[in-house]
Amino acid sequence: MICHCLLIEVGSELVLVDTGIGLGDLAQPNRRLGTSFLAITRPRLDPKETAIYQIEALGYRASDVRHIVLTHLDLDHAGGLSDFPDAEVHVYRPEHRAATERRTRGERERYRPSQIEHHPRFHLYDAGGEPWFGFDCVRNLNGLPPEILIVPIVGHSRGHAAIAVRTPIATSSTDAPWSQRSGAAEDTWLLHAGDAYFYRGEMDPNRRSCPIGLELFQRAVAIDDDTRRANQERLRTLARDRAGIVRVFCAHDDIEFDRLRASHF
Ligand SMILES: [Zn+2]
């Protein structure tokens with residue numbers, strides 16, 4: 001499994017969707033990630049896999065990341081926040097509340113106060129009832145262009161959300177890069193679905209599949225498994241009905257990651 005972060009260039013600023021595991025986690029893995037996460041997932045903890053390392057390798061500075069939009073605050077998505085301490089951090093409010101209150105044993109395990117003790121500059125949002133392909137969404141995040149949306153898809157956690165990004169991308173690796181197309185390309189969307197599902201086969205509209213271990217893991221960690229499954233069904237329908245318009249990917253599937261890297265956008 002991988003932690004799939006999305007880096008968006010908006011003029012001279014960078015926007016990061018999810019932060020994965022960060023340098024602070026590598027420095028203090030037991031305290032920041034917890035012993036059960038380490039035992040279950042056995043993360044590689046290689047600094048070269050952190051978002052900050054890869055962003056700097058592209059020639060940017062960490063301070064160029066002005067905004068971070070999070071699918072949720074689980075430790076494997078929020079760990080890199082402290083590598084970008086001055087960024088504005090955009091989160092669906094019920095998720096921030098869940099991470100602050102940590103009401104259940106599972107929530108005390110998944111949300112790590114040590115990862116946010118630098119006091120990130122949170123901007124919190126309620127669902128605004130704005131439509132997006134049949135989902136509610138939050139538009140107009142503070143300081144961000146209207147092409148970046150929070151789309152609540154709860155169940156995995158109390159305030160889990162997907163992040164939608166409108167972009168004229170190539171829809172397959174055989175398409176020309178959008179910058180080389182002539183005229184206006186049709187708008188398409190990337191949808192970072194976070195942990196709404198874990199395995200690419202779960203988005204197969206004809207024959208959903210998932211390795212049994214991942215299936216059980218998702219059930220075990222969901223705060224509301226019925227809602228999670230119902231929302232995953234809606235996501236599967238979206239991926240089917242809007243194929244070619246909305247490209248859905250999740251946080252942890254390595255093959256989806258490789259396919260997206262091979263696309264030019
Ligand atoms: Zn995750």
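Predicted model: local features only at pLDDT ≥ 70, side-chain atom pairs only at ≥ 80, totals over all residues.
**Entry 1: terms and ground rules.** Residues are numbered from 1 along each chain as its sequence is written, and side-chain values use heavy atoms, with hydrogens and water left out.

**Entry 2: the whole chain.** I looked up the secondary structure and found ten helices and eleven strands in the chain. The radius of gyration (taken over C-alpha atoms) is 17 Å, close to the 18 Å that the globule rule (2.2 Å times the number of residues to the power 0.38) gives for 265 residues, so the chain is as compact as a globular protein of that length. Along the principal axes, the C-alpha atoms fill a box of roughly 50 × 40 × 35 Å, and 48% of the 265 residues count as buried. I then turned to contacts, which means heavy atoms within 4.5 Å; among those between residues at least 6 apart in sequence, 64% join residues at least 24 apart.

Entry 3: In helix H6, residues 93-101, I found Pro 94, Glu 95, His 96, Ala 98 and Ala 99 to be buried. What covers these buried residues includes strand E4 (88-92), H7 and E5. Arg 102 follows H6 and has a positive phi, near 45 degrees.

Which side chain does Ser 157 join by a polar contact of 2.8 Å? The partner is the side chain of Glu 95, where a polar contact is a pair of N or O atoms within 3.5 Å; within protein, one must be able to donate a hydrogen and the other to accept it, and residues adjacent in sequence count only if both atoms are side-chain atoms. Ser 157 sits in the loop between strand E8 (148-152) and strand E9 (161-167), and it counts as buried because its relative accessibility is 1%. Leaving aside neighbours within four places in sequence, Ser 157 is in contact with His 72, Glu 95, Arg 110, Tyr 111 and Ile 223.

Entry 4: Is Glu 202 buried or exposed? Its relative accessibility is 0%, so Glu 202 counts as buried, and its place is in the loop between E10 and helix H8 (212-221). Glu 202 and Gln 232 are 30 residues apart in sequence and 8.3 Å apart in space, C-alpha to C-alpha. Beyond four places in sequence, the residues that Glu 202 touches include Gln 232 and Arg 236.

Arg 236 lies in helix H9 (residues 225-241) and is buried, because its relative accessible area is 8%. The side chain of Arg 236 makes a polar contact of 2.9 Å with the side chain of Glu 233.

**Entry 5: a pocket and a cavity.** On a 1 Å grid over the protein atoms alone, a cavity is a set of points where a 1.4 Å probe fits but cannot get out, whereas a pocket is an open set with protein on both sides within 12 Å along at least five of seven lines; lining residues have an atom within 4 Å of a point. Grid points are joined across faces, edges and corners, and a volume is the space filled by probe spheres set on the points.

The second largest pocket holds about 460 Å³ of space. Of the 21 residues that line this pocket, the closest to its centre are Met 203, Arg 247, Val 248, Glu 256 and Arg 259. E11 gives the most to the lining, with four residues. I counted classes as nonpolar (Ala, Val, Leu, Ile, Met, Phe, Trp, Tyr, Cys and Pro), charged (Asp, Glu, Lys and Arg) and polar (the others, Gly among them); the pocket lining has twelve nonpolar, three polar and six charged residues.

The structure holds one cavity of 30 Å³ or more, and the largest cavity has a volume of about 70 Å³. Its lining includes Ala 99, Tyr 111 and Arg 112, and the lining divides into six nonpolar, one polar and one charged residue.

**Entry 6: positive phi in two loops.** Most residues other than glycine have a negative phi. Arg 42, although not a glycine, has a positive phi of about 45 degrees; it is found in the loop between helix H3 (35-41) and helix H4 (51-57). His 119 also has a positive phi, of about 55 degrees, and its loop runs between helix H7 (105-110) and strand E5 (121-125). Arg 42 counts as exposed at 70% relative accessibility, and His 119 is exposed with a relative accessible area of 66%.

Terms used: Buried < 20%, exposed > 50% of the residue type's maximum accessible area, 1.4 Å probe, protein only.
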